[in-house]
Amino acid sequence: MRTAHGVWGSSITLPDSARHQLKFPSAKINRYPVPMTYDLFLGDRAYSSWSLRGWLLFEKFGIPARSHFVDFADPAGVAQQMAEVAPARTVPTVRFDDGAIVSESLAIAEELASRHPDAGLWPKSGHARAIARSLSSEMHAGFGPLRDFCPMNLRLAYKNVPVPLEVTADLRRLECIWADARTATEPCGPWLAGDYSVADAFYAPVAARIAGYGLDVNDQAMAYVNAHLADPAFRRWRAMGFAAGETLDHYKRDFAIDAWPGPKPIHAVATDTGQPENDACPYSGKPVTHLASVEGRTFGFCNAFCRDKTVADAEAWPEFIKIYRS
Ligand SMILES: N[C@@H](CCC(=O)N[C@@H](CS)C(=O)NCC(=O)O)C(=O)O
């Protein structure tokens with residue numbers, strides 16, 4: 001859904017699902033004198049690693065935002081599409097409810113933590129928080145070789161990738177700082193510094209790169225990568241990446257294709273025929289207009305996006321699973 005006005009497709013992002021895809025042309029956005037909620041500007045879900053970080057900061061910590069997507073296929077480029085939120089020129093960018101525009105991911109994390117002190121973006125303990133901050137800063141500033149050689153691409157995975165020495169050095173550094181953080185903070189779960197924190201949001205796209213390019217890391221680091229691949233929020237983002245946007249050659253690399261190493265989605269396909277088990281879309285409650293066959297059973301949705309994100313990874317969507325298992 002591209003518009004002549006730049007930013008396309010808008011939606012209210014509500015934590016842990018309630019995803020009304022309220023699409024409207026971007027030209028309307030500026031007609032609200034002061035936004036009543038935060039506006040979160042994002043890029044293509046399959047390719048924009050910084051957008052994934054930005055989105056996770058809202059999604060994982062239950063902070064609602066209205067999402068707007070720039071089109072990575074638009075020759076106008078990101079900055080031009082975001083002219084209405086100048087001086088911002090990259091995604092993610094947040095326009096806060098007082099009009100403040102914040103672009104750098106780390107600044108977004110800090111600002112959200114300041115405005116939502118109880119949301120748990122940073123660990124409560126000073127020691128764990130210091131480590132999470134250090135990890136996040138190092139991610140924000142570093143790992144250039146890994147980022148350059150392995151652009152995030154959630155649409156596919158590779159194998160037998162010839163890894164340059166500088167990338168190998170980045171992988172060894174990741175093993176070191178991830179292990180050190182876990183030793184220092186002794187988390188009960190899989191995350192780096194206690195419960196999921198900003199640091200984990202920042203390393204989610206790194207995990208996606210390690211998984212997607214089949215990069216060799218030690219068992220402990222691979223367990224952390226796998227925790228991201230299995231994270232329902234990450235899975236929902238990836239599923240939406242299949243439901244919206246085009247496959248872009250710019251991000252394709254000439255390596256052998258492999259199966260995605262994350263959890264295997266249950267079998268689902270879009271269909272035109274069949275009697276759906278549900279009358280109302282699991283996400284919006286609106287009447288059913290689009291169908292999918294999931295493990296041979298038929299379910300309905302209110303639009304193609306709701307259907308296709310479900311087809312891509314049905315188990316990632318609590319609202320769908322509720323009716324699927326009822
Ligand atoms: N330092 C920024 C990086 C953001 C960034 O580079 N985002 C990319 C998309 S993943 C972008 O908007 N690129 C626009 C462009 O290169 O024109 C942050 O922390 O958010």
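Modeller: What follows starts with the sheet, then turns to the ligand and the loop. The model is a predicted one.

The open sheet has three strands in the order E8-E9-E10, and their pairing is antiparallel. Its edges are strand E8, residues 268–271, and strand E10, residues 297–301, each of which pairs on one side only. From one strand to the next, the twist averages 30°. Helix H10, made of residues 304–312, packs on this sheet and touches E8, E9 and E10. The direction of H10 makes about 155° with that of E8.

Within the sheet, strand E9 covers residues 290–294 and pairs with E10 over five bridges, in the antiparallel sense. Two of the positions can be named. Leu291 stands opposite Gly300 in E10, while Val294 has Arg297 of E10 as its bridge partner. The hairpin that E9 and E10 form has two residues between the strands, and in this hairpin Glu295 takes a positive phi near 50°. As a general point on side chains, those in a regular strand alternate between the two faces of the sheet.

Now the ligand. The shell around the ligand consists of 14 residues, and the closest are Ser48, Trp50, Val78, Thr90 and Ser105. Sorted by class, this shell holds five nonpolar residues, eight polar ones and one charged one. Two helices, H1 (49–59) and H2 (77–81), each supply at least two residues of the shell.

The loop residue is Ala119, which is placed between helix H3 (105–115) and helix H4 (126–141). Setting aside neighbours within four places in sequence, Ala119 is in contact with Phe61, Gly62 and Ile63. The C-alpha atom of Ala119 is also separated by 9.2 Å from that of Lys60, a residue 59 places away along the chain.

Conventions: Residues are numbered from 1 along each chain as its sequence is written. This is a predicted model: local features need pLDDT of at least 70, side-chain atom pairs count only at pLDDT 80 or more; totals for chains, interfaces and linings use all residues. A residue is near a molecule or strand if its C-beta atom, placed from the backbone, lies within 6 Å of it. Helices (H or I, at least four residues) and strands (E, at least two) are DSSP runs, numbered from the N terminus. Ala, Val, Leu, Ile, Met, Phe, Trp, Tyr, Cys and Pro count as nonpolar, Asp, Glu, Lys and Arg as charged, and the others, Gly among them, as polar. Two strands pair if DSSP finds at least two bridges between them. Axes are lines fitted to C-alpha atoms, for helices over the stretch in contact, and angles run from 0 to 180 degrees between N-to-C directions. Two residues are in contact if their C-beta atoms, placed from the backbone, lie within 7 Å.
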